[in-house]
Amino acid sequence: GVAVGLLHTGRHYDDDVDETGILYHYPTTQRPQSRDANEIQAIKNAKTFGIPVFVIQDIGNAKRVELAWVNDFDDDLRICVLTFHGILPERNNFIVQENSFHEEPILFGSRRKTVIEIERAERDPVFKFNILRRFGGKCVITSLDVSEMLDAAHIIPVASGGTEDPHNGLLLSASVHRALDAGLWAIHPKTLHIETRPNGPNALRMKLSRVDLSSSSKLLNREALEFRYEKLFMAGKKK
């Protein structure tokens, strides 16, 4: 038989694992380089041959073992995404490929109305993997390219019916994402300029000034931006 195991201690990438899967960063250790390379290749082989991977998580003094499937990997970003509970790689319905940017996006969709589902969607490793790949591993606002410091943000929130389609996502640094969710700023859907709330901190204070989104214009879905701007941001400005 063949067995592949990954150890996740939670010390470095806790935000990238939830009940449904894990965004696993390629190892970079002090071991001989060949050992890291072999581990990475073993993960890729598991995807090629369709065999599951055991993911071992440290939970306090105990360990949790999950059966996982390799959905996809990206050598440039040095990450792969795995899903738990026997969910096969086909679960990644919105996988980002070179020719997928011109496909018709699915921005709204029905979903189960449970607290678990909402919490899962905010941290879904598959969604984050697709957004990292779509935006080339860089925050669309700050150009920060440290994946451990980046969030996959929904433009149309899950609570408003938004989906995990990458057209409905932005790759943002954690602080910029928090400010977006707090309604402190938004992207104007026509001009692509950053607008801030009149009674809130200005763009300079939030490090959002001099942002040029022209190079990312093809990756920004205007319909999703318009929903966020009109239904959420403008509504917040009127309060």
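## Overall make-up

A residue counts as buried when its relative accessible area is under 20%. By that cut-off, buried residues make up 45% of the 239 residues in the protein chain of this predicted model. The accessible surface of the chain comes to about 13400 Å², and carbon and sulfur atoms hold 51% of that surface.

The protein chain has five helices and nine strands. Read from the N terminus, the order of these elements is β-β-α-β-β-β-α-α-β-β-α-β-β-α. Among contacts in the chain with a separation of 6 or more, 63% join residues 24 or more positions apart.

Helix 3 covers residues 125-134. This helix is mostly covered, with nine of its 10 residues buried. The buried residues are Pro125, Val126, Phe127, Lys128, Phe129, Asn130, Ile131, Leu132 and Arg134. The list includes the charged residues Lys128 and Arg134.

Serine 143 is placed in the loop between helix 3 and strand 6. Its phi is near 70°, a positive value in a residue other than glycine. Most residues other than glycine have a negative phi. Serine 143 is partly exposed because its relative accessible area of 47% lies between the cut-offs of 20% and 50%.

## Aspartate 151 in strand 6

Strand 6 consists of residues 150-154, and aspartate 151 has its place there. With a relative accessible area of 24%, aspartate 151 is partly exposed. That value is not under 20%, so aspartate 151 does not count as buried.

Leaving aside residues up to four places away in sequence, aspartate 151 touches Leu170, Leu171, Leu172, Ala174 and His177.

Helix 4 is made of residues 174-181, and its buried residues are Val176, His177, Ala179 and Leu180. Viewed down the helix axis, these buried residues fall within an arc of 160°, so they line one face of helix 4. Ser175, Arg178 and Asp181 are exposed on the other side of the helix.

His177, on the buried list of helix 4, is also one of the residues touched by aspartate 151. Just after helix 4, glycine 183 has a positive phi of about 75°.

## The cavity

Rolling a probe the size of a water molecule over the atoms shows where empty space is left. A search of the whole structure finds one cavity of 30 Å³ or more. The largest cavity holds about 50 Å³ of space. Its lining is formed by Ile155, Leu170, Leu180, Ala186, Ile187, Leu225, Arg228 and Tyr229. Strand 8 (185-187) and helix 5 (222-237) are the elements that give two or more residues to this lining. Helix 5 gives the most, with three residues.

The residues of the lining divide into seven nonpolar, no polar and one charged. Arg228 is the charged one, since arginine counts as charged. Leu180, part of this lining, is among the buried residues of helix 4. Leu170, also in the lining, is one of the residues that aspartate 151 touches.

Leucine 232 has its place in helix 5. At a relative accessible area of 31%, leucine 232 is partly exposed. Not counting residues up to four places away in sequence, leucine 232 touches Pro157, Ser160 and Phe227. Leucine 232 and aspartate 181 are 51 residues apart in sequence, and their C-alpha atoms are 9.7 Å apart in space. Asp181 is one of the exposed residues of helix 4.

Arginine 210 lies in the loop between strand 9 (194-196) and helix 5. Although arginine 210 is not a glycine, it has a positive phi of about 60°. Its relative accessibility is 86%, which is over 50%, so arginine 210 counts as exposed.

Technical notes: Residues numbered from 1 in each chain as written. Predicted model: local features only at pLDDT ≥ 70, side-chain atom pairs only at ≥ 80, totals over all residues. Heavy atoms only, no water. Helix = DSSP H or I, 4+ residues; strand = E, 2+ residues; numbered from the N terminus. Buried < 20%, exposed > 50% of the residue type's maximum accessible area, 1.4 Å probe, protein only. Contact = heavy atoms within 4.5 Å. Areas by Shrake-Rupley, 256 points an atom, 1.4 Å probe, with all protein chains shown as cover. Arc of directions from axis to C-beta. 1 Å grid on protein atoms, 1.4 Å probe; cavity = no way out; pocket = protein on both sides within 12 Å on 5 of 7 lines; lining within 4 Å. Points joined across faces, edges and corners; volume = space filled by probe spheres on them.
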